[in-house]
Amino acid sequence: MPHTYIQSTIIRRLAPFKVDGLAISYAEFVPRLYNLCMTLGFRKDKIMPSRAFCSDENQGWPIILLTKHFGTFPFNHGRVGGIVATDRHGPHAHHGEDSVIVQASHVGYDPVTGTYGTFIRPRMDGTCVSASCGKITHVISPYLEQYEFAKERIFLHCDEQGRHLITVKNSFIDFDSHPVKDGLVVRLERIVAPNENGNIHPISAVSTSQTYEVSESFRKRIDETGYIWQSGAGESIGDYLTEDLFYFREDFHETDESILLERNLIEFMPIIVTSKNPPLRAAKINIQLEFARTVESIRRGTEYKGKNLLYIAGLNIDISEYKDYPATTYFVPWAAHIQLKDGTPEEYIHPVEQERLCALIAEQKSVNPDQADLKEQIGQMLEAPRFDIKSPNTN
């Protein structure tokens, strides 16, 4: 007898990313990070830090604190959105014997309302509130708009025969003859029961939409929420259009790293747009995917072989000026990759996950006796001899 092969669906699951109770201010985090390096055997004055942050001004103080505690300005390993420029591993490794990389996407936070995504720009006139991170917001905004539109243009209703129906715009349906090339696609196979041939057929159609009878399982799912089906045109599906009932299709033409953030997020965009805090959700997802991509690039490459390396990824939370307190940034550790030149202990062979990483950081002292006095160093620069800089001799 011939074998029947069934195509499996492989689902990628995101690991839980906790925030509550784990955020630590950069003023405390960076000295603890330095002391962690010392406990791992890194050498004072040989460490070259690097950061993969956005270019926003509210990421400046974390960079200054890295400078203060590691004694040198950190290498730039980042692109907007918290994307890691993996092609910079080599230059970074050549600038110090021991290497540290701190990578973070960032998101604004209002501690009064508990909402995420914005930051007050003190250098602008008036009270200027804008997106933080602007790159993440720019990427997810079109998908949020598509989702909000779809919620209003998909309808649940019932007819005189007692059938429970869903009416969907043609532009959301992935027809074999006219597939959706870009945009939101409804997973009708999770809403409508197929016929005996495995096909999903509408019971009626008009110029811009198709109407289907929903499956018994979907009807029960909706009924369990207390929803009352309306006759006639019915009601918009609204929030009943949950993350499992649609996906987005996007035809990416560019191949460089400028669209890597969107490539990272597109698979998980339904989770993002249905979240209570889309910018936060997007930042957390990007951190997880960038950490995995960067660790693989380190392990596949040779740039850091024979070196001490600590690569730590997490979330930067930007808090605007509040009353008499200046703007500040908190860090939520996510995961770390550790390798040591004299042999990596078994406990660090695999990435250090969030719970263990937070414990490692908490074990460190919050005082760094080796921190630089930036004021003194700037003073020494001002007092240094003035050199007569000349062009090279030419014939």
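Mentor: Let us take Thr328, which touches Ile317, Asp318 and Ile319, with residues up to four places away in sequence not counted; contact means heavy atoms within 4.5 Å. The model is a predicted one, in which local features need pLDDT of at least 70 and side-chain atom pairs count only at pLDDT 80 or more, while totals for chains, interfaces and linings use all residues. Residues are numbered from 1 along each chain as its sequence is written, and side-chain values use heavy atoms, with hydrogens and water left out.

Thr328 belongs to strand β18 (residues 328–339); strands are DSSP runs of E with at least two residues, and helices are runs of H or I with at least four, numbered from the N terminus. The relative accessible area of Thr328 is 32%, so this residue is partly exposed. That class lies between buried, under 20% relative accessible area, and exposed, over 50%, computed with a 1.4 Å probe and protein chains only. Pro62 is 266 residues from Thr328 along the chain, yet their C-alpha atoms are separated by 8.8 Å.

For contrast in exposure, consider Val112, which is exposed at a relative accessible area of 60%. Val112 sits in the loop between β6 (98–110) and β7 (115–116).

Helix α1 is mostly covered, with ten of its 14 residues buried; among them are Tyr26, Phe29 and Cys37. Gly41, which follows α1, has a positive phi, near 100°.
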